[in-house]
Amino acid sequence: MSIIRIASAVLLSFALAATGSASMAQSGSSAGNSENDYYWPGANYDPAIPTAKDVLGYSAGQRITTHGDMLRYMETLAAKAPGKMRIMKYGQSWEGRDLIYIAISSEENISGLDGFKAGMKALSDPRVTSDADAAQLINDMPSSTWLAYSIHGNEISSTDAAMMTAYHLLAARDDDRVPDILSKSIVFLNPLQNPDGRDRFIHRFRTAKGLEADSDPTSAEHNEPWPSGRTNHYMFDMNRDFISLTQPETRGHVKALQEWYPLVYVDLHEMGGNSTYYFAPEAIPFNPHLAQDQRDSLFLFGKTNAKWFDKFGFDYFTRDVYDAFYPGYGASWPAYYGAVAMTYEQASSRGLVYRRYDGTELPFAQTVRQHFITSMGTLETTATNRQALLQNFFDYQKTAIAEGRADRNNRSYIFPATRDKAANRKLVGVLAEQGVEVNQANSDFRACGTNYGAGSYVVDTAQPRKRMIRTLLDPQVDMEAGFVAEQERRRAKNIDHDIYDVTAWSLPVMYNVEMDICGRAVDVAMNTVDTARIGSGSVNTSSASVAYLVPWGDMAAGRFLAGALRAGLNVKIIDEGFTLGGRAYSAGTVILDVAKNPDNLGAMIADLSTQTGAEIIGIDNSWVDAGMDLGSRAVNQLPAPKIAMLWDAPTSQYAAGNTRFVIERQIGYPVTVIRTSDFSRARLDRYQVLIMPSSFGSYAGALGDGGAKKLDAWVKNGGVLIGTGSALRYLADEKVNLLSIRRENQVREDVSDKKTEGNTVKGKLITSLDEMKSLIEPAGERPDSVPGAFAAASVDKDHWLASGVSDSLNVLIRGGDIYTPSKLNTGTNVAWFKGADEVLASGYLWEENRKQLAYKPFVVVEDRGAGMVIGFTQDPTVRAYLDGLNLIFTNAIFHGAAQARPTR
């Protein structure tokens, strides 16, 4: 059926639905209902089960359904079919919207949900379930599918498709697949993963919509203002969050998945309106830790979907664009507990109708229908292959354990946790949340020739999550060599590469913690680690007579500092290390004088320690054994700074949201966001710190001609200006000159020929193809954009900005921005990338970028009057998963404010 004919059918069906609803209600039959015929031609539905129109007043695909209306409809369905459907809540979004999933199956299966849960738990661990017991479970149990919709709020069709799928499963009487699906499987539907983003999109769409839906892609209803509905409240792309679990929406989702271990998982998305439909198999590269039967199973689902798309005349594609390499996608993560996990992508109408480049129109109803068809096709395939999928799941766990036991190179991952205890505690907590078994040693031990102390964490790969462990903890996971070679070939011809996301994500690299890999099991008494991300704080005394010291060096101390400032405590910071009472303290140590704080300081300190996990040392005398005294010039008073951040276009919504999240939710300090359009009238003198996040456009245009002068005057009066990522393009622009560093062009030999006379140039003999390729390289080009790899950076430990920071940092490199270093007479290069031979920490980095990045700055500080400008050449808050950079970012904010000298 052509797209034009489909659009006509939609309009006709809606007209019939509007005029025929009364007669249908009177007749008590939904047979012949054009609303349902459109989705499943010739449909015959149980009239006792209400349609969307019965409950919401509009037919499926006529309007874009809000979170509240989706809940209302699902609750109505559950009330009408309580024996076949249950609704379960798994959390709340940041803005307070309920997050739900539903289970639909036969009455027998729904009444036996607790038994099914227990059975899947048994199959998930062959160490406690024998082959014979597993065989009985596999023979008796239903299979299961989890369909997850609308993780990106402006990908609108999937939630309405979820509603249609639920209705069809409960009401369809002439689809032979449905009885089989309900008897042989349990269907889990998560109808809306990102309610905050979806309702944001719908509000903007309805605000922009006129008399009738407009199909013009340039019309306001198709172009969202900043921020788009794609992201959640803190503007996270939650489809990258499944390994770091920073957001409540993903944390709750992952927890729910591990209650049921669905065998098949599909994440339903949308893509550009000029495309068609994508379903599995995925494109290369595949993650090497996926099992072969998982990859093979993708074809089962793809062929079923293809069968139905061929029947209805819909175009589709497979094995292109959408890969299965990065494990943090919603459609990747379940594979690492043993599921068959897939992405589906529907061309988006991004409204009620979209005019394609060829002049045809794509109606919203068609996008809902196509997601509904693949949803049903997936359920059909799961039911048909019930026993094989259950067996594959059990075998996945068995082979994972066996591979771990046999691995003589990667049997045990050991975290000494002697440096940055807070990051280690958070990392193992995040692993535990994902079902990884982590243990902590009760005593000192020796493994693979190295001594470790009590408290070290150990992850043994002889467990069901072995493949997840290797994926998340290995310092390097390689893409297929053939794929990499093809990307280099394309790049040489200036053709875009096909790497879809970052090439590195190792959690120990991101957290910048020490990890050793041992080829043997560890022999020591251990306790199992729970999911807590913050460890127990400690206070040696709550009745110190002189002061309390907070040793600086991890984010437990950073959280404590933020909490102390918010509580109104008098806080000082020392810029140099010292020794007191036989203990060495690093630069950055926080000092709280008893005499300058409330009488109940001890109790307040104890509460803050419990909340933040910080170690607190009370002292009864301030005599320093070595180093600077606690009242010396190395000590700075820190009044609670007020922090502002630029907001709205041209800032990147991801960078702005991620940065705000890191400060507010990981550090624990409030931020005032100022729209760039209001910058000219903003009272900057109210703030001590101003953050300029990465941008997708020019700050010059947004801030106006006077923007740079206003910033310069504020900094010189004692402000701390922090720029991250691409914001430095503005700060380091020669016309702005708030930073003296400059963005570099790609390093190339100058092969251009200057003109001689008129339009001619001097002739040149080209003697080889390589010489020709060199000659056609454009001059003045920027370094090639890097999709995402980790680079190692060295740190100047003499500078206050490096207080408590590790000697080496791991920085996520994205894009092609490389800057010149700051000169000694203008500033300090506090962190710089290591030499070309050691700069790559993890992932894949273009060779030219690797060489040019060497010894270039990551963090620079340049004093300016009474204030300073701090520049991070790469964004330290990307996805809020670079925990290893949080301390130096915290230093920039709070230690920077302590170093500045505004008039007070």
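Leu 769 lies in helix H25, which covers residues 769-775. Helices here are DSSP runs of H or I with at least four residues, strands are E runs of at least two, and both are numbered from the N terminus. Leu 769 is exposed, at a relative accessible area of 53%. The cut-offs are these: buried means under 20% relative accessible area, exposed means over 50%, and partly exposed is in between, with a 1.4 Å probe and protein chains only. Leu 769 also belongs to a nonpolar surface patch with Ile 766, Met 772 and Ile 776. Together the four have about 390 Å² of accessible area. Areas come from the Shrake-Rupley method with a 1.4 Å probe, and for residues only the protein chains shown count as cover. A patch takes residues with over 30% relative accessible area and no salt bridge; like charges are joined within 9 Å, and nonpolar side chains (Val, Leu, Ile, Met, Phe, Trp, Tyr) within 5 Å.

The model is predicted: local features need pLDDT of at least 70, side-chain atom pairs count only at pLDDT 80 or more, and totals for chains, interfaces and linings use all residues. Residues are numbered from 1 along each chain as its sequence is written, and side-chain values use heavy atoms, without hydrogens or water.

Now the whole chain. Its secondary structure comes to 27 helices and 37 strands. Of its 904 residues, 60% count as buried. The C-alpha trace spans about 90 × 85 × 60 Å along the principal axes.

An α-helix has 3.6 residues a turn, so residues three or four places apart point the same way.

Next, the strands. Strands of a sheet pair through backbone hydrogen bonds, either parallel or antiparallel. Two strands count as paired if DSSP finds at least two bridges between them. S19 runs parallel to S25 (residues 615-619), joined by 2 bridges. Val 539 stands opposite Ile 616 in S25.

S30 runs parallel to S28, with 3 bridges. Met 645 stands opposite Ile 691 in S30. S30 also pairs in the parallel sense with S31 (residues 720-724), over 4 bridges. Here Leu 690 stands opposite Leu 721.

Last, the charges. Side chains of opposite charge can pair when their charged atoms come close. A salt bridge is a side-chain nitrogen of Lys or Arg within 4 Å of a carboxyl oxygen of Asp or Glu. By this rule the count comes to 52.

Glu 433 and Arg 533 form one of them, at 2.6 Å from N to O. This pair links distant parts of the chain, 100 residues apart: Glu 433 is in helix H15 (residues 421-433), and Arg 533 is in the loop between S18 (526-528) and S19. Glu 433 is buried at 15% relative accessible area. Arg 533 is buried at 16%.

Glu 488 and Arg 491 make a local pair, with their closest N and O atoms 2.8 Å apart. They are separated by about one helical turn, because they are 3 residues apart in helix H17 (residues 481-492). Glu 488 is partly exposed at 24%, while Arg 491 is buried at 14%.

Arg 675 and Asp 648 meet at 2.9 Å, N to O, in a salt bridge. They are 27 residues apart, with Arg 675 in strand S29 (residues 672-675) and Asp 648 in the loop between S28 (643-647) and helix H21 (653-667). Arg 675 is partly exposed at 37%, whereas Asp 648 is buried at 16%. Elsewhere, salt bridges that share partners join Glu 155, Arg 230, Asp 237, Arg 240, Asp 501 and Arg 879 into one network.
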